[in-house]
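Open the model in your viewer and keep the selection tool ready. We will go from stop to stop, picking out a few residues each time.

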Amino acid sequence: MKLPDTPPESACSPVPANLREEAARYALLRRIAPAIRHHLAGTLQPIGMIAAILDRRLQAETPDLAVLRDNSKSISTLSRSASTASMNLITWVVPKENGSIALEAGIEEALGMLATDLAFRGFTVTNKVNAPDVMTSVFALRTVFTASLIALTDAAQAPASVVLSSEPAGDQTRVCITVTRSEGEVVPDEARGYRALSWDDVQVLADAEHVRIRYSAAHADMLFSEVEQALVTG
């Protein structure tokens, strides 16, 4: 006698929370990877330019040793700067430990990471966040704020304007993102390298980082807690 068909176990068992969090973090990483690659290339480009100039000057019949020394020092200085910048970028991929960061500076950092991608996709960003003295979790800001910004712009019809703002909310700080469609403008073609971020992804990350979040099709606001200006153990 033929037994009735039964759905596979994966079809009736919910995905464990830890796997949902891992999937959300991977999706976010895939979305910011092109920006990280772009910034890494930018830190190395000046070194290559100075090295090319140095090589040409070395080919001269009577090289100017003083100029060559200056070029050599420039390469050394640029190398140290590139190394520091590269290590900072790598912490977006493989973070070592959580820490505190000024809310305003952290948002500027995230916007700097995504600026080229957002502009290419037709979004104009206005940053009105004003909280220079508020310290919050690096992990919370990098994951929840960045994911919220990407999810909103993924869902929006570009071109559009994005306005960031902040306000005190008791012992926390509310950060708001509002997207407004620019009527009558041509929508640029978008070639996304990975899937769009969903609000399910953002909610999982917000839960993991203990950030309260509300969102709609064109708006999101997050409540970030203030932390001591020292390492956060998580």
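Select Glu21 to begin. Glu21 is partly exposed, at 27% relative accessible area. Here buried means under 20% relative accessible area, exposed means over 50%, and partly exposed lies in between (1.4 Å probe, protein chains only). This is a predicted model, where local features need pLDDT of at least 70, side-chain atom pairs count only at pLDDT 80 or more, and totals for chains, interfaces and linings use all residues. Residues are numbered from 1 along each chain as its sequence is written, and side-chain values use heavy atoms, with hydrogens and water left out.

Arg25 and Glu21 form a salt bridge, with their closest N and O atoms 2.9 Å apart. A salt bridge is a side-chain nitrogen of Lys or Arg within 4 Å of a carboxyl oxygen of Asp or Glu. Why are the two about one helical turn apart? Because they sit 4 residues apart in helix H2 (residues 17-58). Helices (H or I, at least four residues) and strands (E, at least two) are DSSP runs, numbered from the N terminus. Arg25 is partly exposed too, at 29% relative accessibility.

Glu209 touches Arg25, along with Phe139, Ala140, Thr143 and Val144, not counting residues up to four places away in sequence. Contact means heavy atoms within 4.5 Å. Where is Glu209? Look in the loop between helix H6 (199-208) and strand S6 (212-215). Is Glu209 buried or exposed? Glu209 is buried, with a relative accessible area of 15%.

Next, pick Arg121 and Asp154. Their side chains meet in a salt bridge of 3.0 Å, N to O. The pair links distant parts of the chain, 33 residues apart: Arg121 is in the loop between helix H4 (103-120) and strand S2 (123-127), and Asp154 is in helix H5 (residues 138-155). Arg121 is buried, at 5% relative accessibility. Asp154 is buried as well, at 12%.

Jump to Arg195 and Asp201. This is another salt bridge, with the closest N and O atoms 2.8 Å apart. Arg195 is partly exposed at 36%, whereas Asp201 is buried at 9%. Then select Arg31, Asp117, Arg121 and Asp154 together: salt bridges that share partners join these four into one network. How many salt bridges are there by this rule? The count comes to 10.

Switch to a cartoon view and colour strand S7 (residues 219-225). In S7, 5 of the 7 residues are buried, so the strand is largely enclosed by the rest of the structure. Show strand S5 (residues 172-181), which pairs with S7 in the antiparallel sense over 7 bridges. Two strands pair if DSSP finds at least two bridges between them. Pick Cys176 and find Asp221 of S7 opposite.

Now show S6, which runs antiparallel to S7 and is joined to S7 by 4 bridges. Arg212 has Leu223 in S7 as its bridge partner. S6 and S7 form a hairpin, with 3 residues between them.

Select Ile90, Val93 and Val94, which make a nonpolar surface patch of about 230 Å². Patches are made of residues with over 30% relative accessible area and no salt bridge: like charges are joined within 9 Å, nonpolar side chains (Val, Leu, Ile, Met, Phe, Trp, Tyr) within 5 Å. Accessible areas come from the Shrake-Rupley method with a 1.4 Å probe; for residues, only the protein chains shown count as cover. Val93 lies in helix H3 (residues 65-93). Val93 is partly exposed, at 35%.
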